[in-house]
Structure formats: C-alpha cells, structure tokens
Amino acid sequence: MSLKKILLVEDEENFGSLLQNYLELSNYETTWCKTGTEAYSVFVQNDFDLCILDIMLPHMDGFTLAKKIKAKEKNTPLFFLTAKNAKVDIKEGYAIGADDYLTKPFDTEILLLKISALFNRKNDRIELKEANEYKFGMFQFLPKDRMLITSENEVKLSPKESNLLALLCKYENNVMPRTEALLNIWEEENYFTKRSMDVYITKLRKRLKDDPTVSIDTFHQTGFQLRVKS
C-alpha cells in the first residue's frame, strides 16, 4: 500500500526539518516547503492527501495559500499549525475549510492521532451536506424553521439547539470538531461555553432518543458525531 502524501509548509528551518523527519518516521511521505509560493507550485504538480500549513509565511501567508489550494482542489484536507491563537484567526481557518487548527507549542502525538483519524475516515475529506432539510432515521429537520419533525410530533428547537443539530447533520457519520461548533455558535471557546455545549448535546440526545438508529456520540477532546445506522 502506498504511503499517504503530506505537504508541510513551514518557514522555520529547525522546526520544519524536525517535523518532516517525525512525519516520515511515522510512515508519511512528506514534502516540506518553506514559502507559500513554493508550496502552491509544488501542490499543483502533485497529489497530496493532506496539507499542513503554517500561517505566517514569506511571500504568501497560509490563509491565502489555503484559499488557493481549496480553489484548485476543494476536497484536499487542511490542517493549520501555527502560533496564531487569536479567536479571529481560528475562525478564519475553519471558515476557509480547515479540518483542524493546532496552535504551537503542540503535542506531536496528538498531531499524529489527528492525522490518523482523518485518514481512517471512509472518505479522506468530509463532503459537508448543507441543506434546507435533513432527513435521518425517523426525523425530518428544517433548520430555517428550527423544526424537528416525526410522523407523530413536531418540536420547535431553541436557536442553539437548531444551530448545533444543523452542524451535526452536515457532518453526519463523521466527527464534528468541538472547536468549530463553539466558535461558530457560541463565538467563544472556554470552560463555560464548553459546558454549555455539553448541556445542549444532552438536550438533543433526549430529542432523538425515540429512534435507536440515531445517536450522538462523544469523541473525547475532539468533538461529537451524529451517527445514523442504515
């Protein structure tokens, strides 16, 4: 089986070299570029299974590079790996289409776990299903009206319940990143918003409990998954 190919874009010499060696020792074929322009040139000439991008790069910043990559190959997975940890930067990263956003310093074992989880999905890239209506199990969900409907009942969800369920539906049978939900719905990621999100996950589980083919599963420190059994 051929090795997964990773494009690593990092301008800091020592860190880039160490991370490339670490990824290669973990059986990933890794191409390391030091500038955004070099990375894009390499990207268009090759097929990569994952791009890991720093943001503060010479000649072309990581956000611009990510947008160009997505315009060229929208299903290419992206990780941002950066010292920029402001909420506005994290939100921009996810808005561009990042699969994950890790801030330096980081645990290399956690990075490997995240990469492995990405590659273990049935599809290397989740194709998000944004729609005006979602059907799963016994349920019909209308996000604009905030209505959760079954053949016997109609329930009006609260705004946060509806937004959270809509995001879970987009990621159906894949893990919805906790950080993405917090920043998009609560607009903050801290202890209190995490606890609030847990409360709303519990509420949604109660809403869906009558259908044994539907569940919301927790992935510790990663996110949640709306699991729908066929």
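This report describes helix packing, aromatic pairs and a few loop residues in a predicted model.

## Ground rules

Residue numbers start from 1 along each chain as its sequence is written, and side-chain values rest on heavy atoms, with hydrogens and water left out. In this predicted model, local features need pLDDT of at least 70 and side-chain atom pairs count only at pLDDT 80 or more, while totals for chains, interfaces and linings use all residues.

## Helix 6 and Leu 164

Helix 6 covers residues 159-170. Helices here are DSSP runs of H or I with at least four residues, strands are runs of E with at least two, and both are numbered from the N terminus. Helix 6 has twelve residues and reaches 17 Å from its first C-alpha to its last. That is close to the 16 Å expected at 1.5 Å a residue; the expected span is 1.5 Å times one less than the number of residues.

Nine of the twelve residues of helix 6 are buried, and the helix is mostly covered. Buried means under 20% relative accessible area, exposed means over 50%, and partly exposed lies in between (1.4 Å probe, protein chains only). The buried set is Glu 161, Ser 162, Leu 164, Leu 165, Ala 166, Leu 167, Leu 168, Cys 169 and Lys 170.

Leu 164 sits in this helix. Its relative accessible area is 0%, so Leu 164 counts as buried. Leaving aside neighbours within four places in sequence, Leu 164 is in contact (heavy atoms within 4.5 Å) with Met 176, Ala 181, Ile 185, Trp 186, Met 197, Tyr 200, Ile 201 and Leu 204. Leu 182 is 18 residues from Leu 164 along the chain, and their C-alpha atoms are separated by 9.3 Å.

## Helix 6 against helix 8

Helix 6 and helix 8 pack at an angle of about 75 degrees, with their axes 10 Å apart. Axes are lines fitted to C-alpha atoms, for helices over the stretch in contact, and angles run from 0 to 180 degrees between N-to-C directions. Helix 6 is therefore roughly perpendicular to helix 8, a label for angles of 65 to 115 degrees.

Helix 6 brings Lys 160, Glu 161, Leu 164, Leu 165 and Leu 168 to this contact. From helix 8 come Met 197, Tyr 200, Ile 201, Lys 203, Leu 204 and Arg 207.

## Helix 7

Helix 7 spans residues 178-186. Eight of its nine residues are buried, so helix 7 is largely enclosed by the rest of the structure. The buried residues are Arg 178, Thr 179, Glu 180, Ala 181, Leu 182, Leu 183, Ile 185 and Trp 186.

These buried residues pack against helix 4 (87-96), helix 6, strand 10 (175-177), helix 8 (191-208) and strand 12 (223-228). Just after helix 7, Glu 187 takes a positive phi of about 65 degrees.

## Aromatic pairs and charges over rings

The whole structure holds seven aromatic pairs. Rings of Phe, Tyr and Trp (its six-membered ring) pair if their centres lie within 6.5 Å; planes under 30 degrees apart count as stacked, over 60 as edge-to-face and the rest as tilted. Phe 136 and Phe 139 have ring centres 5.6 Å apart and planes at 35 degrees, so this pair is tilted. Phe 136 is buried at 2% relative accessibility, and Phe 139 is buried at 4%.

Trp 186 and Tyr 200 have ring centres 5.9 Å apart and planes at 65 degrees, so this pair is edge-to-face. Trp 186 lies in helix 7 and Tyr 200 in helix 8, so the pair ties together parts 14 residues apart in sequence. Both Trp 186 and Tyr 200 are buried. Elsewhere, Phe 63, Phe 80 and Tyr 101 form one aromatic cluster.

The charged end of Lys 203 sits over the ring of Tyr 200, 4.5 Å from its centre. A charge sits over a ring if NZ of Lys or CZ of Arg is within 6 Å of the ring centre and within 35 degrees of the ring normal. Lys 68 lies over the face of Tyr 40, at 4.5 Å from the ring centre.

## Loop residues

Most residues other than glycine have a negative phi. Asn 27 has a positive phi, near 70 degrees. Asn 27 lies in the loop between helix 1 (13-25) and strand 2 (28-33) and is exposed, at 52% relative accessible area.

Arg 146 has a positive phi of about 60 degrees. Its loop runs between strand 7 (139-142) and strand 8 (147-149). Arg 146 is partly exposed, at 28% relative accessibility. Lys 144 lies in the loop between strand 7 and strand 8 and is exposed, at 70%. Lys 144 and Ser 162 are 18 residues apart in sequence and 8.5 Å apart in space, C-alpha to C-alpha.

Terms used:
Angles under 35 degrees count as roughly parallel, over 145 as roughly antiparallel, 65 to 115 as roughly perpendicular and the rest as oblique.
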